[in-house]
Amino acid sequence: MSALPEVNPAITEPSGKVTGHGNASSESWQRQLADAVRDPCRLLDVLGLPPDPKGREALTNFPLLVPQSFIRRMQRENRSDPLLLQVLPRPEETLSAAGFLADPVGDTAAAKVPGLLQKYEGRALLIAAGACAVHCRYCFRREFPYHTTPRRLQDWLPAIDTIAADASIHEVILSGGDPLMLNDDRLSELFALLGDISHVERVRLHTRLPIVLPARVTKELTALLLNQPWQPIVVVHANHAHEIADDCAGALQNLVRSGIPTLNQAVLLKEINDSADAQEQLCRRLTGLGVMPYYLHQLDRVNGAAHFECTEELGRAIIRELRKRLPGYAVPRFVREVPGAPSKTPLESDSVR
Ligand SMILES: *Cc1c(COP(=O)(O)O)cnc(C)c1O
Ligand code: SF4
């Protein structure tokens, strides 16, 4: 397979309107969001698969949600498709497993004020939006109390005041949920508040929208990000090479070519990307577009996600293999989040390199 995926910057929408960088109106990503699939039977039907009545049990707290663009990158009639497995509810989610918790990474303890988490020196994480464009079944935030997170500009003010009062905070990470679920007007307001704080040097967006809803990456958005007193950094989240195709590849290329440093974090997921081949393909596709692999995360042990867990030994073996196959810059750091630790915890010890 070529390291350089085919890029298709002009995507024809159902309306027949051609969108690409600069042409995709914000209305179009919002319409695509409204058209996202929420019914597992419909998703399976679109993919030519029979319905699975047992999957419904898992829907109670965290319903299925997946945009059409992401579905188009799934293989038809393949129940084991690596993209499908990330979003399709499975009966295993209702099982409890020892060591798997509602808040495995200590988010509740790290909240300084509502919507602001600080675990590490120099950077604070703002829950900018309560929603995502996709529901990833393994997500550690699947049990996060989003109804308590800020929704209006005024609700952000306690978090903004806290950041403003602490000159040691040089980077604000906008997370969620997904910060790019906010429209450009809301983002502008939030960016302006952050721009008024002179010690905020960088603003990092942790977002999956460029992957699952690439139409969100408009020319207006990249311009907005670049037109700030702080340095923008975008960290996307893709787990499998098949995600980096079609309109997604175009969106990533647009981010990179507009001059925004763009990194990727992935989660090591059983039967989805748990091989050196799968990780190599992912890293090659990313770097072929100028997106740098940042982290490969060991799964956070959230309730209902035990069936996605791989051993740390497997992760280490994969990274060892990647070091042989790829240039150093293309190998992500394999880490896990340990509650109370001063940073993400590296899992690759020097002795195994
Ligand atoms: C993961 C995380 C960060 C970012 O860590 P980096 O190593 O800088 O990427 C910051 N704050 C919180 C609360 C986090 O969970
Ligand atoms: S987009 Fe991110 S925060 Fe949202 S469900 Fe997926 S992994 Fe979780």
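How far from an oxygen atom of ligand 1 does a polar side-chain atom of Arg123 lie? In this predicted model, the distance between that polar atom of Arg123 and an oxygen atom of ligand 1 is 2.7 Å. An N or O atom in the side chain of Tyr294 is likewise found 2.7 Å from an oxygen atom of ligand 1, while for a polar side-chain atom of Lys344 the distance to an oxygen atom of the ligand is 3.0 Å. On its own, ligand 1 would expose 390 Å², and the protein buries 93% of that area.

The surroundings of this ligand can now be described as a whole. Around ligand 1 stand Lys119, Tyr120, Arg123, Leu125, Ile173, Arg204, Tyr294, Tyr295, Glu337 and Lys344. Three strands, β4 (116-120), β5 (123-127) and β10 (292-297), each contribute at least two residues to the shell.

One member of that shell, Glu337, deserves a careful look. Glu337 sits in the loop between β11 (333-336) and β12 (345-346). Is Glu337 buried or exposed? Glu337 counts as buried because its relative accessibility is 12%, and the cut-off for being buried is under 20%. The side chain of Glu337 makes a polar contact of 2.4 Å with the side chain of Lys119, and another polar contact, of 3.4 Å, joins the side chains of Glu337 and Lys344. If neighbours within four places in sequence are set aside, the residues in contact with Glu337 are Val105, Lys119, Tyr120, Asp300 and Lys344. Among these, Lys119, Tyr120 and Lys344 also belong to the shell around ligand 1.

A second ligand is present in the model. Ligand 2 is surrounded by Cys132, Val134, Cys136, Cys139, Arg208 and His237. This shell divides into 4 nonpolar residues, 1 polar residue and 1 charged residue.

The protein chain has 12 helices and 12 strands, and of its 353 residues 55% count as buried. The chain exposes about 15000 Å², of which carbon and sulfur atoms supply 52%.

Ala215 and Trp29 are separated by 186 residues in sequence, yet their C-alpha atoms are 5.2 Å apart. Ala215 belongs to the loop between α8 (209-212) and α9 (219-226), and Ala215 counts as buried because its relative accessibility is 13%.

What surrounds Leu174, once its neighbours within four places in sequence are left aside? Leu174 is then in contact with Leu126, Ala128, Pro179, Leu190, Phe191, Leu194, Val203, Arg204, Leu205 and His206. One of these partners, Arg204, is also among the residues around ligand 1.

Some features of the backbone remain to be considered. The peptide bond that leads from Gly176 to Gly177 is cis, with omega near 10 degrees, and Gly177 lies in the loop between β6 (171-175) and α7 (184-195). Glu77 is not a glycine, but it has a positive phi of about 55 degrees; Glu77 is placed in the loop between α3 (68-72) and α4 (84-87). Because the relative accessible area of Glu77 is 58%, this residue is exposed. Asp246, which is not a glycine either, has a positive phi of about 50 degrees. Asp246 lies in helix α10, and Asp246 is described as partly exposed because its relative accessible area is 36%.

Note on methods:
Residues are numbered from 1 along each chain as its sequence is written. Chains are lettered from A and ligands numbered from 1 in the order in which they are written. This is a predicted model: local features need pLDDT of at least 70, side-chain atom pairs count only at pLDDT 80 or more; totals for chains, interfaces and linings use all residues. Side-chain values use heavy atoms; hydrogens and water are left out. Contact means heavy atoms within 4.5 Å. A residue is near a molecule or strand if one of its heavy atoms lies within 4 Å of it. A polar contact is a pair of N or O atoms within 3.5 Å; within protein, one must be able to donate a hydrogen and the other to accept it, and residues adjacent in sequence count only if both atoms are side-chain atoms. Accessible areas come from the Shrake-Rupley method with a 1.4 Å probe; for residues, only the protein chains shown count as cover. Helices (H or I, at least four residues) and strands (E, at least two) are DSSP runs, numbered from the N terminus. Buried means under 20% relative accessible area, exposed over 50%, partly exposed in between (1.4 Å probe, protein chains only). Ala, Val, Leu, Ile, Met, Phe, Trp, Tyr, Cys and Pro count as nonpolar, Asp, Glu, Lys and Arg as charged, and the others, Gly among them, as polar.
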